[in-house]
Amino acid sequence: MAESSGVTLNENVPVFEYTDVSSKEFHIGAFRDLWLNALNLDVYSYSDTSPEIRDVQLIEEMGIEPETLEELKNMCSVESLRSEHEDTDTVPADPQLSTLKLRKRRQEYKESLTRDHIDRHEAYANELEMICVGKKPEDLGDLVPEGELILTFNVLYPVLFQRFKHVRAYQTLNVLGSQKLTELKDAICCVSDLQVFGEFSNNPDTVPQFISKDHYKSAFFFFNGTFYNDTRFPECRDISATTIDWAKTRDFTEFETAKMEDTCFHDLKMKVGFPYYYTHQGDCEHVVILTDIRLVHQDDCLDKKLYPLITHKHRVVTRKCSVCHTYISRWVTTNDALAPTDPCLFCEQCFRLFHYDDKLNKVGDFLAYAYVDPGTFN
Amino acid sequence: MIISASLTLRCLVAVEKACEHYWKPFKSDCEEFLGCFQQTESVRYEEFSVIWREMDFSSVFSGNQSHHEKKSFTRLTFTIVCNYLLPPYSFQIRVGALYMLYGLYNKQLVWPKEKIRVALKDWFHIQQFITEAKTCQHLDVVYIFYRLLSDKAFNFTAMPKKLTFESSDRVQHDVNEDFRARRDKVAELASVEMLEEIANVHRHYERMKNSLLPPSAGVTLQNLGGAVQKCTLEYKQWQEQIAGARSKDATKKDANQKSESSDRADMLAAIKSKSYGQLTKESRSRRHRRIEMVTTGSGTEFLFHHKKKPPSLRARTYQTLGNPGESEQTQQWLLSVMEEDKNALKRRDFKRFNWSETE
């Protein structure tokens with residue numbers, strides 16, 4: 001049958017700008033309205049309609065008799081898809097499907113390995129899932145409303161070690177459409193937020209307790225030509241100003257600024273799959289990609305308090321002390337004549353024993369800084 | 001210790017990439033299935049379930065896999081089958097895809113169940129498809145769809161799959177020409193709107209002509225709209241006639257056609273070998289250029305389609321800006337490794353699993 005060609009879609013229907021890479025820009029709130037208009041309420045509501053009501057609705061919708069419906073139900077039941085191969089943990093003996101042939105080969109290979117890798121990442125991902133799957137809040141005021149949008153962001157870690165720059169480590173956060181940008185910002189865990197500044201070789205006992213997160217609160221998101229600055233605290237400065245001024249001197253389009261705490265995700269115009277930008281601590285830059293937007297589903301985590309929700313976190317191995325290889329390192333020294341490498345990591349005890357004598361005098365010449373391990377978020 | 005870190009760092013990424021290796025075999029399984037369904041020339045669910053049981057398609061999820069692998073694979077199956085649910089595939093193929101989605105959704109081994117992603121731009125096509133099925137009274141199609149809706153099997157999304165900006169995810173879906181819906185181009189051309197348009201323009205033209213020139217014989221046809229309509233009607237009737245005659249003469253013609261086609265093939269092959277085997281004669285002006293021999297051998301390489309990965313950002317940067325010098329190779333982390341831990345220096349030499357090994 002000839003279909004109507006040239007159906008012009010609303011500009012807020014997401015389409016590919018580059019196939020399988022990123023979409024064109026669209027307004028998120030308008031996109032949500034389009035979906036809600038296209039669907040019946042019971043399709044996306046949390047409650048299950050009882051089977052009787054469902055039958056009545058079907059009869060009306062399809063314009064058929066109840067007996068026809070019964071016939072259809074019998075004919076199209078899941079029983080008709082039953083397979084003879086009951087044991088789902090093994091591949092059937094003589095597979096005809098190419099998928100199964102490949103899987104069988106893979107299974108035989110795995111069984112031939114003398115030692116299988118214990119997948120730490122997967123164990124971690126399972127743990128994260130356990131926390132949030134199907135969670136319903138005790139207080140119904142915290143229930144995520146029906147028809148709410150869930151946005152999924154991948155926040156990539158900046159490359160810390162040259163050796164691991166080929167692995168694109170990231171964490172995945174789910175946020176609700178009605179939440180503000182500041183909530184996403186607070187939820188991003190980055191090790192540079194925990195850094196303690198200062199050189200403490202002369203006074204190792206007086207390491208202050210403040211961390212960079214408390215001191216340097218400025219941050220911004222950069223989406224589609226607009227810088228969203230965090231202006232909640234008086235210490236926050238507009239760190240995007242330098243970039244904007246620089247851009248004015250070159251041939252770029254004018255960039256705009258807006259407040260992070262006043263913007264919620266519904267108000268944004270975004271491209272899905274397109275790399276955006278988040279900066280904090282002045283120069284710690286992260287690439288942020290909006291990977292997915294969808295309507296909330298009955299089986300999702302429905303507790304508003306748990307959002308932004310971390311669904312995937314890259315598990316970094318903690319770096320141990322270079323002396324004992326047992327404890328997590330807390331100190332890093334440079335220009336140290338006694339240490340084998342520059343810089344070198346030490347745990348608390350090894351650091352004291354190595355660099356200070358009985359009378360707590362400094363031995364040798366070195367510079368010591370407090371070290372926060374990237375694996376602290378595990 | 002650090003080596004195991006770099007290996008496990010890639011483990012989760014490896015699971016995702018492992019699922020991509022199932023793309024090709026699963027797609028070929030789907031095409032086989034839909035091919036069988038197409039041959040039944042019916043859209044009934046009973047026919048579908050017979051094929052499903054015969055091919056034992058439910059077992060596609062079986063095997064000793066981790067929870068994460070099962071989820072990734074289930075998502076992959078939905079992504080692949082959803083492609084067949086949308087235009088430009090024919091109505092029958094789309095019905096087959098809908099039934100397959102129903103089967104895969106109910107037979108998956110993951111809990112909580114993986115949902116079928118539907119993008120907003122595709123939702124309109126699906127609604128059109130279901131309306132078509134309703135008007136043709138294909139009740140099983142409509143029932144299956146509403147059953148999936150009420151089971152909350154769909155996730156209503158912006159794009160058909162998650163876009164993570166990984167170059168490995170860009171797999172092209174080539175449309176299977178056998179499953180493509182055949183467009184009735186003649187009917188499209190002579191649709192009601194088009195005929196009205198033609199009639200309007202024609203009337204306008206006639207009016208203008210009559211006001212400017214004496215009514216002599218014009219260059220245009222009288223009653224153009226009617227003529228077009230008559231032609232299309234004749235064409236349709238002829239088409240139906242041929243279709244009827246073809247099914248009768250199918251067996252008779254087969255034998256004749258085969259001998260005809262083989263003669264023709266021989267002739268073509270002879271012509272090709274003659275033209276390509278010869279050296280191309282140079283013109284005088286180009287004598288300084290080398291004589292090149294064009295062979296037909298290069299054609300066969302394209303039969304074995306290599307999946308070409310697009311060059312990574314790193315490779316493209318090096319191409320445009322030049323490769324920076326490699327930094328010195330001292331591995332400082334090794335200095336603090338324990339003496340006994342000689343494994344750190346040895347390269348793991350186990351045999352890796354070859355995904356694309358052909359048997």
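Asp56(B) lies in the loop between α4 (45–55) and α5 of chain B, where helices (H or I, at least four residues) and strands (E, at least two) are DSSP runs numbered from the N terminus. Its phi is positive, about 50 degrees, although Asp56(B) is not a glycine. Asp56(B) counts as buried at 18% relative accessibility; buried means under 20% relative accessible area, exposed over 50%, and partly exposed in between (1.4 Å probe, protein chains only).

This is a predicted model, in which local features need pLDDT of at least 70 and side-chain atom pairs count only at pLDDT 80 or more, while totals for chains, interfaces and linings use all residues. Residues are numbered from 1 along each chain as its sequence is written, chains are lettered from A and ligands numbered from 1 in the order in which they are written, and side-chain values use heavy atoms, with hydrogens and water left out.

**Chain B as a whole**

- The secondary structure of chain B consists of 14 helices and 2 strands.
- Chain B has 359 residues, of which 35% count as buried.
- Among the contacts in chain B with a separation of 6 or more, 72% join residues 24 or more positions apart; contact means heavy atoms within 4.5 Å.

**Two crossing helices in chain B**

- Helix α6(B) (residues 91–107) and helix α7(B) (residues 120–135) have axes that come within 12 Å and cross at roughly 105 degrees.
- That angle makes α6(B) roughly perpendicular to α7(B).
- Angles under 35 degrees count as roughly parallel, over 145 as roughly antiparallel, 65 to 115 as roughly perpendicular and the rest as oblique.
- Axes are lines fitted to C-alpha atoms, for helices over the stretch in contact, and angles run from 0 to 180 degrees between N-to-C directions.
- On the α6(B) side the contact is made by Phe91(B), Arg94(B), Val95(B) and Leu98(B), and on the α7(B) side by His125(B), Phe129(B), Ile130(B), Glu132(B) and Ala133(B).
- The residues of this contact divide into 6 nonpolar, 1 polar and 2 charged.
- In this division Ala, Val, Leu, Ile, Met, Phe, Trp, Tyr, Cys and Pro count as nonpolar, Asp, Glu, Lys and Arg as charged, and the others, Gly among them, as polar.

**Cis peptide bonds in chain B**

- Pro87(B) and Pro88(B) are joined by a cis peptide bond with omega of about 10 degrees.
- Pro88(B) is placed in the loop between α5 (67–84) and α6 of chain B.
- A cis peptide bond also runs from Trp111(B) to Pro112(B), with omega near 0 degrees.
- Pro112(B) is placed in the loop between α6 and β1 (116–119) of chain B.

**A three-stranded sheet in chain A**

- Chain A contains an open sheet of 3 strands in the order β14-β13-β15, with antiparallel pairing.
- β14(A) (344–346) and β15(A) stand at the edges with a single partner strand each, so one side of each is left without a neighbour in the sheet.
- From one strand to the next, the twist averages 30 degrees.
- Strands of a sheet pair through backbone hydrogen bonds, either parallel or antiparallel.
- Strand β13(A) (residues 331–334) and β15(A) pair in the antiparallel sense over 4 bridges; two strands pair if DSSP finds at least two bridges between them.
- In β15(A), Leu367(A) is the bridge partner of Thr334(A), and Ala368(A) is that of Thr333(A).
- In a regular strand the side chains alternate between the two faces of the sheet.
- Strand β15(A) (residues 367–370) has a covered face, with Ala368(A) and Ala370(A), and an uncovered face, with Leu367(A) and Tyr369(A).
- Helix α10(A) (residues 348–355) lies across β13, β14 and β15 of chain A and runs at about 110 degrees to β14(A).

**Loop residues of chain A**

- Asn335(A) is placed in the loop between β13 and β14 of chain A.
- Its phi is near 55 degrees, a positive value in a residue other than glycine.
- Asn335(A) counts as exposed, at 52% relative accessibility.
- His314(A) lies in the loop between β12 and β13 of chain A and is buried, with a relative accessible area of 7%.
- His314(A) and Val288(A) are 26 residues apart in sequence and 15 Å apart in space, C-alpha to C-alpha.

- His297(A) is found in the loop between β11 (284–295) and β12 (309–312) of chain A.
- His297(A) is buried, with a relative accessible area of 7%.
- Leaving aside neighbours within four places in sequence, His297(A) is in contact with Tyr46(A), Leu302(A), Lys115(B), Lys152(B), Phe154(B) and Asn155(B).
- A polar atom of the side chain of His297(A) lies 2.7 Å from the backbone oxygen of Lys152(B).

Note on methods. A polar contact is a pair of N or O atoms within 3.5 Å; within protein, one must be able to donate a hydrogen and the other to accept it, and residues adjacent in sequence count only if both atoms are side-chain atoms.
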